[in-house]
Amino acid sequence: MSGWVTRIKEFSRTPQGRRAIASARRAAADPRKRAQARDLIGRLRGRR
C-alpha cells in the first residue's frame, strides 16, 4: 500500500506532476467543473 503512495509523492515532485496538480486545482476552482464532477459522482453512486 505504501508503495503506490510513494510513487504518487514522487510523481507530484516532477514537472509533469506539478502541471497536473495545477490543472486539477484550476478545474476544482471552476464552478461548472465542480458541478460536472458532482453529477458524475452522483451517477457513479447510482443517484441522479
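**Figure 1. Val5 in helix α1 of the predicted model.** With a relative accessibility of 36%, Val5 counts as partly exposed, because this value falls between the 20% limit for buried residues and the 50% limit for exposed ones. Val5 lies in helix α1, which comprises residues 2-12. Together with Trp4 and Ile8, Val5 forms a nonpolar patch on the surface, and the accessible area of these three residues taken together is about 300 Å².

**Figure 2. Helix α3 and the glycine that follows it.** Helix α3 runs over residues 31-45 and has 15 residues; the distance from its first C-alpha to its last is 21 Å, close to the 21 Å expected at 1.5 Å a residue. After α3 comes Gly46, a residue whose phi is positive, with a value near 95 degrees.

**Figure 3. The salt bridge between Asp39 and Arg43.** A search of the whole structure finds one salt bridge, and in the pair formed by Asp39 and Arg43 the closest N and O atoms are 2.9 Å apart. Asp39 and Arg43 are separated by about one helical turn, because they stand four residues apart in helix α3. An α-helix has 3.6 residues a turn, so residues three or four places apart point the same way.

**Figure 4. Accessibility of the two salt-bridge partners, Asp39 and Arg43.** Asp39 has a relative accessibility of 40% and therefore counts as partly exposed, while Arg43, with a relative accessible area of 46%, is also partly exposed.

Conventions. Residues numbered from 1 in each chain as written. Predicted model: local features only at pLDDT ≥ 70, side-chain atom pairs only at ≥ 80, totals over all residues. Heavy atoms only, no water. Patch = residues over 30% accessible without salt bridge, like charges linked within 9 Å, V, L, I, M, F, W, Y side chains within 5 Å. Areas by Shrake-Rupley, 256 points an atom, 1.4 Å probe, with all protein chains shown as cover. Salt bridge = Lys/Arg side-chain N within 4 Å of Asp/Glu carboxyl O. Helix = DSSP H or I, 4+ residues; strand = E, 2+ residues; numbered from the N terminus. Buried < 20%, exposed > 50% of the residue type's maximum accessible area, 1.4 Å probe, protein only. Expected span 1.5 Å × (residues − 1).
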